[in-house]
Amino acid sequence: AIIGIIMDSECPKTYSQIMKRKISSMIQEAVELRENNKPQLAISRLTRAIALQPTNPQLFQERAEVYLDLKDYESAIPNFRKAMSLAPGKREELSSRLAGVYFLYGQALSTEHHKDDRALEMFTRASECNPDVKEYTMRKISCLLNLQRYNECLVLIMKELEEDASSPDLYVLRAHLNLMFGDTTQAYHDMCRVLELDERHSDALMLLRQLEGKGQQCRDQAVGSMLVGKKVDALKKITTAIENNPSVADYHVFRGAVYRRLGDYTSAVDDFLLGMDKCGHQLDSPTYTNASRQLTLTYNDFAVECFGQGHFSEAITLLNKAIKEEKREKGFYVNRGDCFYQLSNLHFALADYRQALELAPVDWTLRCRCAVVSCELALLALHEGRLGQAHELFSAAIDGNPKVSRFYVCRARASHEMKDTVGAREDLITALLLDPDNQETLSIMARVFPGKSKSMILREPSVPSIRAKLEANLLSFLALVKQQGGKEEGHGLTDEEIVEAIGISLKLREDSSTDQTLADIHPAPEAERLC
């Protein structure tokens, strides 16, 4: 009985040792058969061994290697996968080996006709098993290209570049795909990035030259279209030029000018600012100077459009920007003054008109504007009892345009209130000389010349001297207008035309209300557009 117990306890140990030796022997035989180029016999030995010990990962790995010698990838793959499941400790090593098998299988499939989709699957699995090997991803990209699955290919390339932005070939590949999708701007930037990594990269240099040449060609075509008035066609051409070569500041300035001509001021401003940025804000750059000038004119044009639609506050904001960039342009001050006038902000309007007049002292339209606003402010001051200020403002209005009869009538009222009878009488006589039919003189005439009619007043002894003084003022004003007509407009005006121009009396209302508009009292209220 004791001997039986001892034998029973020793049998399992003996069986295990025997089985271990048996499996080792079979593995050794398989290795020798494999070395002697007898793979099928080697597979047979390993298959018998697996039948005896199906949980041994080494057996599956050895059989997978023999299948691999036979390039039987479909049989090798499941054996490697089984070995991985049985040996968790060797998972990383076996996963790397399995990735290599997938890769080899993918390469084999890619050489066969119409097998690119299957090859793509193998390269994808290889990349999943070992994502650190970039060759697997590149072959996957190649298969996607062969299958014309360009969107997926582009997404994969972008993902790879996010992880590693140091591969020139990936940038070149993405550039070609972007060109295929019509995104030439991104293709241009990709080529610039390639040259940053490798300044002698031949493919990048060639493609960049092509894009720059195409950009210049489209720019020349845009110029030709603008010369014949085809603005929309010019916009399309210059946009294509920018897409091919977005680094040229001149292209943006040109497109901004086209947008301005088309009335798309927001887009024009954006392009001018881009052009200035791409010049590096170098003040001595001709392109920067041109862009800056065009930008200020666009602000002005935009303001003119806002003025026409009644958006006076918005127009002022735009003109503030224009004046900030260019403080020597009188038109900007005139336009802003007109906006202030429409908002009944007379003090600011007069300040802008005077600033413009400093820049163009011989501009008689500006003098007329100043005269109109000065008169309105004077009427307000007179109504509020500020007689000295009213008299001063009426005098300024007369200096601006000595042809307007009512200016003298109003100043006569102020002089009369200030007990200056002599001044009041002189102004009233001047008003009658300018416009004998002015009905406004009736209200003040009885107080300044009690008991006298118009004919009696015009026979006063002081009339000849007052007439001479008035004629001298009008001749000076005539000379001023002629000076402007010759110097600023580029042509002379006849005396008859000038007399007719200054003879347009500004018909101010009888009351002192401030709700008049320039359209009521002056023929040139609209903001002028600069070329």
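## Ground rules

Buried here means under 20% relative accessible area, exposed means over 50%, and partly exposed lies in between, using a 1.4 Å probe and protein chains only. By that rule Asp 363 is buried, with a relative accessible area of 2%.

This is a predicted model, in which local features need pLDDT of at least 70 and side-chain atom pairs count only at pLDDT 80 or more, while totals for chains, interfaces and linings use all residues. Residues are numbered from 1 along each chain as its sequence is written, and side-chain values use heavy atoms, with hydrogens and water left out.

## Salt bridges

Let's stay with Asp 363 for a moment. Its side chain meets that of Lys 330 in a salt bridge, 2.4 Å from N to O. The two partners come from distant parts of the chain, 33 residues apart: Lys 330 sits in helix H17, and Asp 363 in the loop between helix H18 (346-359) and H19. Lys 330 is buried too, at 19% relative accessible area. A salt bridge is counted when a side-chain nitrogen of Lys or Arg is within 4 Å of a carboxyl oxygen of Asp or Glu, and helices (H or I, at least four residues) and strands (E, at least two) are DSSP runs numbered from the N terminus.

A search of the whole structure finds 22 salt bridges. One of them pairs Glu 160 with Lys 134, with 3.4 Å between the closest N and O atoms. This pair also links distant parts of the chain, 26 residues apart, with Glu 160 in helix H8 (residues 150-163) and Lys 134 in helix H7 (residues 134-146). Glu 160 is buried at 10%, whereas Lys 134 is partly exposed at 36%. Another joins Glu 460 to Lys 452, their closest N and O atoms being 2.4 Å apart.

## Helix H19

Helix H19 covers residues 364-383, 20 residues in total, and reaches 28 Å from its first C-alpha to its last, close to the 28 Å expected at 1.5 Å a residue. That expected span is 1.5 Å times one less than the number of residues. Because 15 of its 20 residues are buried, H19 is largely enclosed by the rest of the structure. After the helix comes Gly 385, with a positive phi near 85°.

## Around Thr 287

Thr 287 belongs to helix H15 (residues 286-308) and is buried at 15% relative accessible area. Its side chain makes a polar contact of 2.8 Å with the side chain of Asp 250. For a polar contact, a pair of N or O atoms must be within 3.5 Å; within protein, one must be able to donate a hydrogen and the other to accept it, and residues adjacent in sequence count only if both atoms are side-chain atoms.

Beyond its neighbours within four places in sequence, Thr 287 is in contact (heavy atoms within 4.5 Å) with Ala 249, Asp 250, Val 253 and Cys 279. Cys 279 is itself buried, at 12%. The structure holds zero disulfides, meaning pairs of cysteine sulfur atoms within 2.5 Å.

## Positive phi in two loops

His 281 has a positive phi of about 55° although it is not a glycine. This residue lies in the loop between helix H14 (265-278) and H15, and is partly exposed at 41%.

Lys 419, also not a glycine, has a positive phi of about 65°. Its loop runs between helix H21 (405-417) and helix H22 (421-434), and at 72% relative accessibility Lys 419 is exposed.
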